[in-house]
Amino acid sequence: MYVVLLNYTAPQADIDAWLVDHYEWVTQHYDAGDFIATGHRRPMAGAVIIARAMPRGRLEAILATDPFALHKLTRHEVIEFQALRTVPELARYADPLAPAGE
């Protein structure tokens, strides 16, 4: 599973100009099952995406198509983690325990 931090690198007016396209991109990846949760960071310095477990290269390819990335308005910071426990509603996203040494 991944936490993706979007760090704005452009003025808010530039971000706002591409917000509708970005929201459409987010919706596309919810529909595809790639994203679990998204939202704005506080203070308004960027956003957060929680993405399901997938090969890192696939996630990088998805992030490269973000309109904010295409227009160089944001920088994506990817944090990978193994979700061993979740609330019951998210149990299907938990990662199985890996054997020792993996």
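**The core, the sheet and a helix**

Colleague: Which residues touch the most other members of the largest nonpolar core?

Modeller: They are V4 and L59, in a core of 20 residues. A nonpolar core here is a set of buried Ala, Val, Leu, Ile, Met, Phe, Trp, Tyr and Cys residues joined through side-chain atoms within 4.5 Å, and buried means under 20% relative accessible area, with exposed being over 50% and partly exposed in between (1.4 Å probe, protein chains only). Bear in mind that this is a predicted model, in which local features need pLDDT of at least 70 and side-chain atom pairs count only at pLDDT 80 or more, while totals for chains, interfaces and linings use all residues. Residues are numbered from 1 along each chain as its sequence is written, and side-chain values use heavy atoms, with hydrogens and water left out.

Colleague: And which elements give two or more residues to this core?

Modeller: Those are β1, α2, β3 and α3, and β1 gives the most, with four residues. The helices (H or I, at least four residues) and strands (E, at least two) are DSSP runs, numbered from the N terminus.

Colleague: Back to L59, what does it touch?

Modeller: Not counting residues up to four places away in sequence, L59 touches Y2, V4, A51, M54 and V78, where contact means heavy atoms within 4.5 Å.

Colleague: Now the sheet: what is the order of its strands?

Modeller: The order is β2-β3-β1-β4 in an open sheet of four strands, with antiparallel pairing; two strands pair if DSSP finds at least two bridges between them. Because β2 and β4 (74-80) each have a single partner strand, they stand at the edges, and one side of each is left without a neighbour in the sheet. On average, neighbouring strands are turned by 15° against each other, with direction ignored; axes are lines fitted to C-alpha atoms, for helices over the stretch in contact, and angles run from 0 to 180 degrees between N-to-C directions.

Colleague: How many bridges join β2 to β3?

Modeller: Five bridges join these antiparallel strands, and a hairpin connects β2 to β3 through five residues.

Colleague: Switching to helices, where does α2 pack?

Modeller: Helix α2 packs on the sheet, where it touches β1, β2 and β3, and its direction makes about 155° with that of β2. Another helix, α3, lies across β1, β2, β3 and β4, running at about 160° to β4.

Colleague: Which residues of α2 are buried?

Modeller: The buried ones are L19, H22, W25, V26 and H29. Seen down the axis of α2, they fall within an arc of 120°, so they line one face of the helix; the arc is that of the directions from the helix axis to the C-beta atoms. On the other side of α2, V20, E24 and D31 are exposed.

Colleague: What covers that buried side of α2?

Modeller: The cover includes β1 (2-8), α1 (12-17), β2 (35-40), β3 (46-51), α3 (56-64) and α4 (67-70). As one case, H22 is buried at a relative accessible area of 6% and is in contact with L6, D66, P67 and F68, leaving aside its neighbours within four places in sequence. Just after α2, G33 takes a positive phi of about 85°.

Colleague: Last one: where does L84 lie?

Modeller: L84 lies in the segment after β4 and, at 45% relative accessibility, counts as partly exposed.
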